[in-house]
Amino acid sequence: MKTSNPKGRCRMCGAEVHFMDEKCPKCGAKNDCWVTPDETRCGNCHAKLDPSDRYCRKCGTKAGDGAFEPYQQIIQCIYGPMPVKRTHVCENCGFSWTTCLMLDNEEYCPKCGGKAPVQAIHRDEDQSL
């Protein structure tokens with residue numbers, strides 16, 4: 001018997017598919033878009049965790065905590081400016097790291113879970129914002 005687990009849409013025909021179904025009931029396409037996070041992902045927001053992270057950089061949840069609900073794995077393509085180097089510094093423990101991303105949504109320290117706002121933006125001479 002199936003529980004009230006999430007449903008999604010078939011990537012081929014758009015029919016509603018329960019995340020536990022192996023194939024779409026309408027067209028038979030393999031249901032491979034639903035995944036359950038593991039220790040490499042945050043149990044709360046599903047962000048990718050580095051092996052040394054004790055807290056999620058995106059939402060601040062302690063590694064290993066969270067509901068680990070299944071989520072839909074979707075590849076997104078973002079068009080925009082070139083990636084920008086940003087240095088984050090934790091307000092709590094002082095740990096710092098640099099990202100090089102188009103969109104930087106990291107707000108929390110991976111070591112202690114404290115707030116870690118952007119302290120510096122590094123602009124290359126040939127890169128305009």
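Is Pro 81 buried or exposed? I start with that residue, and before I answer, a word on what we are looking at. This is a predicted model, in which local features need pLDDT of at least 70 and side-chain atom pairs count only at pLDDT 80 or more, while totals for chains, interfaces and linings use all residues. Residues are numbered from 1 along each chain as its sequence is written, and side-chain values use heavy atoms, with hydrogens and water left out.

Pro 81 counts as exposed, because its relative accessibility is 51%, where exposed means over 50% relative accessible area, buried under 20%, and partly exposed in between, with a 1.4 Å probe and protein chains only. Pro 81 lies in the loop between strand E4, residues 71–72, and E5; strands here are DSSP runs of E with at least two residues, numbered from the N terminus. From Pro 81 to Met 102 the C-alpha to C-alpha distance is 6.6 Å, although 21 residues separate them in sequence.

Let me move on to the strands that follow that loop. Strand E5, residues 84–89, pairs with strand E6, residues 96–101, in the antiparallel sense over six bridges, and pairing requires that DSSP finds at least two bridges between two strands. Within this pair, Arg 86 has Thr 99 of E6 as its bridge partner. The hairpin of E5 and E6 has six residues between the strands, and in this hairpin Gly 94 takes a positive phi near 85 degrees.

The sheet itself is open and has three strands in the order E6-E5-E7, with antiparallel pairing. Its edge strands are E6 and strand E7, residues 118–122, each of which pairs on one side only.

Finally, the cysteines. How many disulfides does a search of the whole structure find? The search finds zero, a disulfide being a pair of cysteine sulfur atoms within 2.5 Å. Cys 59 is in no disulfide, and the nearest cysteine sulfur, that of Cys 42, is 3.7 Å away; Cys 59 is partly exposed, with a relative accessible area of 24%. For Cys 109, the closest cysteine sulfur is in Cys 93, at 3.8 Å, which is too far for a bond, and Cys 109 counts as buried because its relative accessibility is 0%.

How values were computed. Helix = DSSP H or I, 4+ residues; strand = E, 2+ residues; numbered from the N terminus.
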